[in-house]
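Visitor: I am new to this structure and would like to learn how to read it. Please guide me through its features.

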Amino acid sequence: VTGPLAAMVREARRADEPDLSQARQVWETRETAALAGAVRQLVDRHRRRLGAALEEVRTQQSVLTSMSEGLLAVDLQERVVSLNEAAARILKITGMDAVGRSIQEVVRHSQLQQFVAGLLKAEGMVEEDLVMLDQGEERFLQARGSALRDVEDRRIGVVIVINDVTRLRRLENMRRDFAANVSHELKTPITSIKGFVETLQDGALEDRAQAMEFLGIVQRQAGRLEAIVDDLLRLARIERDHEHQSLEREVQALGPVIESAARQYEPAAKDKGILMEVEVGAALEAAIDAALMEQAVGNLLDNAIKYSPAGGRVCVWTDVNRGMARIHVRDEGCGIAPQHQGRVFQRFYRVDRARSRAMGGTGLGLAIVKHIVLAHGGSVELESELGIGSTFTLSVPLVE
């Protein structure tokens with residue numbers, strides 16, 4: 001009697017083992033067979049439920065680990081119960097060290113602490129935008145939280161989903177700034193054209209000399225308006241080709257492309273008495289769209305000539321650095337102050353607005369240069385000193 005009972009006790013104690021492949025050693029007698037069968041059924045049922053629960057836990061852990069959103073659970077005492085890798089990454093904390101500690105210890109961010117405290121008192125879902133400082137830069141977080149309940153529907157804490165929307169907010173700000181800048185840039189020539197046309201309609205046509213002067217201004221403003229629209233369309237086309245990777249590139253030498261761009265701006269340089277020096281080194285080849293690369297170099301030459309003093313010098317040369325073919329354009333102009341150097345490649349950003357417009361610039365030349373180079377898998381750099389000049393460097397992958 002005791003032998004089978006002891007075997008059944010051993011079998012029951014092994015019920016928490018999820019491995020069902022292990023052979024059973026149950027000693028049965030006629031008197032204990034029914035009891036042994038019942039115990040075996042209970043153990044099998046328990047093991048199946050345990051296996052299903054473990055699989056569900058593994059699935060949930062995989063889902064939480066794969067989420068790009070941060071998930072944070074806090075109990076009624078504001079202690080961290082659980083968080084996934086995304087939440088630890090967003091909040092800049094270590095996940096294992098955070099569990100069991102208060103939210104005030106884990107996250108040194110007053111807005112999030114206040115959000116958790118308010119959420120514990122609130123009913124229903126609460127959503128709020130948070131702003132965090134990360135090494136002096138603002139990071140924008142979107143937090144949504146609701147009550148955390150147990151199987152008996154008792155409130156045991158709160159669960160919070162956190163999204164890092166910094167990139168989205170910056171894109172929104174860029175879009176707003178771009179819309180405002182476009183409106184401002186277009187409004188200036190439109191207002192000028194409208195004003196002079198109204199003046200002509202009010203009787204200025206009777207004075208031929210004055211009428212011709214006004215018509216010349218209208219023509220210049222219309223030309224400026226056309227240049228802005230053309231540059232906007234060109235920039236949009238470059239960005240579209242870059243995004244869809246549809247830029248048509250061919251492996252060819254950079255020398256002829258640079259020399260062709262320089263020839264286009266030689267007359268402008270001669271008119272201003274500027275010496276243009278072009279030194280193209282060994283035959284450097286890259287996979288490029290020749291027309292776009294010529295335009296990028298041409299935009300830099302155009303700026304260099306415009307902002308260089310009469311009798312100055314503009315230099316263009318090439319070299320190789322770490323598998324990148326580099327094109328340098330240096331001028332002897334007024335230079336760019338350090339606070340402006342990081343922004344000159346933005347659309348419509350002008351260091352000196354009045355001077356730039358007076359020279360006929362659209363404010364999009366350097367933005368076009370930047371996006372052309374990015375579409376070629378390269379980069380653009382700027383070195384400048386006030387009163388000495390500026391050097392722009394285009395880098396594109398070299399083809400051996």
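The dialogue below takes up the nonpolar cores, the cysteines and a surface patch.

Guide: Please note at the outset that this is a predicted model.

Visitor: Which residues touch the most other members of the largest nonpolar core?

Guide: A nonpolar core is a set of buried nonpolar residues joined through side-chain atoms. Here the largest one has 49 residues, and L254, L301 and L394 touch the most other members. The element that gives the most to this core is helix α10 (residues 290–307), with eight residues. A separate, second core has 25 residues, among them L91, V106, F115 and L130.

Visitor: With which residues is L394 in contact, leaving aside neighbours within four places in sequence?

Guide: The partners of L394 include A296, V297 and L300, as well as A325, R326 and I327.

Visitor: How many disulfides does a search of the whole structure find?

Guide: A disulfide is a covalent bond between the sulfur atoms of two cysteines. In this model the search finds zero.

Visitor: Which residues form a nonpolar patch on the surface?

Guide: V1, L5 and L35 form such a patch, and together they have about 290 Å² of accessible area. L35 lies in helix α2 (residues 33–66).

Conventions
Residues numbered from 1 in each chain as written. Predicted model: local features only at pLDDT ≥ 70, side-chain atom pairs only at ≥ 80, totals over all residues. Heavy atoms only, no water. Patch = residues over 30% accessible without salt bridge, like charges linked within 9 Å, V, L, I, M, F, W, Y side chains within 5 Å. Areas by Shrake-Rupley, 256 points an atom, 1.4 Å probe, with all protein chains shown as cover. Salt bridge = Lys/Arg side-chain N within 4 Å of Asp/Glu carboxyl O. Helix = DSSP H or I, 4+ residues; strand = E, 2+ residues; numbered from the N terminus. Core = buried A, V, L, I, M, F, W, Y, C linked by side-chain atoms within 4.5 Å. Buried < 20%, exposed > 50% of the residue type's maximum accessible area, 1.4 Å probe, protein only. Contact = heavy atoms within 4.5 Å. Disulfide = S-S within 2.5 Å.
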